[in-house]
Amino acid sequence: MPNQPDTLRADVLAHATRLLANVSRMTARDIAAALTKAGVVGVDKTLVNSVLTIEGKGRFSYDRTTYTYALANPDASAAPAPTTHTERARG
């Protein structure tokens, strides 16, 4: 989603991961409400959907019948966020 600071998106990802580690399934609206209640400003369901499908790809599963997210692998909730590495060409 354009115009969203990376820090806000990272906060949404981290908070959503912690929330879903404690609750089996939540809608994007419920996640956004919980984050707002926790003091994260500027979060709505559209942002949550965007973050969980882009930055959280592979970490969350989405149930289209109930419109809810869950951790794809609940044991992975403690794992660190993936990092990006660049390799130098060997010559």
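Residues are numbered from 1 along each chain as its sequence is written. Because the model is predicted, local features need pLDDT of at least 70 and side-chain atom pairs count only at pLDDT 80 or more, while totals for chains, interfaces and linings use all residues, and side-chain values use heavy atoms, with hydrogens and water left out.

Begin by selecting L8, which sits in helix α1, residues 6-22; helices (H or I, at least four residues) and strands (E, at least two) are DSSP runs, numbered from the N terminus. L8 counts as buried at 12% relative accessibility, where buried means under 20% relative accessible area, exposed over 50% and partly exposed in between, with a 1.4 Å probe and protein chains only. Beyond its neighbours within four places in sequence, L8 is in contact with V40, V41, G42, V43 and L47, contact meaning heavy atoms within 4.5 Å.

Next select R9 and E55, whose side chains meet in a salt bridge at 2.6 Å, N to O; the term stands for a side-chain nitrogen of Lys or Arg within 4 Å of a carboxyl oxygen of Asp or Glu. R9 lies in helix α1 and E55 in the loop between α3 (45-53) and β2 (60-63), so the pair ties together parts that are 46 residues apart in sequence. R9 is buried, with a relative accessible area of 5%, whereas E55 is partly exposed at 32%.

Now display α1 together with α3, whose axes come within 9 Å and cross at roughly 80°; axes are lines fitted to C-alpha atoms, for helices over the stretch in contact, and angles run from 0 to 180 degrees between N-to-C directions. The two helices, α1 and α3, are therefore roughly perpendicular to each other, a description used for angles of 65 to 115 degrees. At this contact, L8, R9, V12, L13 and A16 in α1 meet L47, V48, S50, V51 and L52 in α3. Those five residues of α3, L47, V48, S50, V51 and L52, are buried, and what covers the buried residues of α3 includes α1, α2 (28-37), β2 and β3 (68-71).

Finally, select the strands, three of which form an open antiparallel sheet in the order β1-β3-β2; two strands pair if DSSP finds at least two bridges between them. Between β2 and β3 the antiparallel pairing runs over four bridges, and Y62 stands opposite Y69 in β3. Helix α1 lies across β1, β2 and β3, running at about 85° to β3.

Conventions: Parallel < 35°, antiparallel > 145°, perpendicular 65-115°, else oblique.
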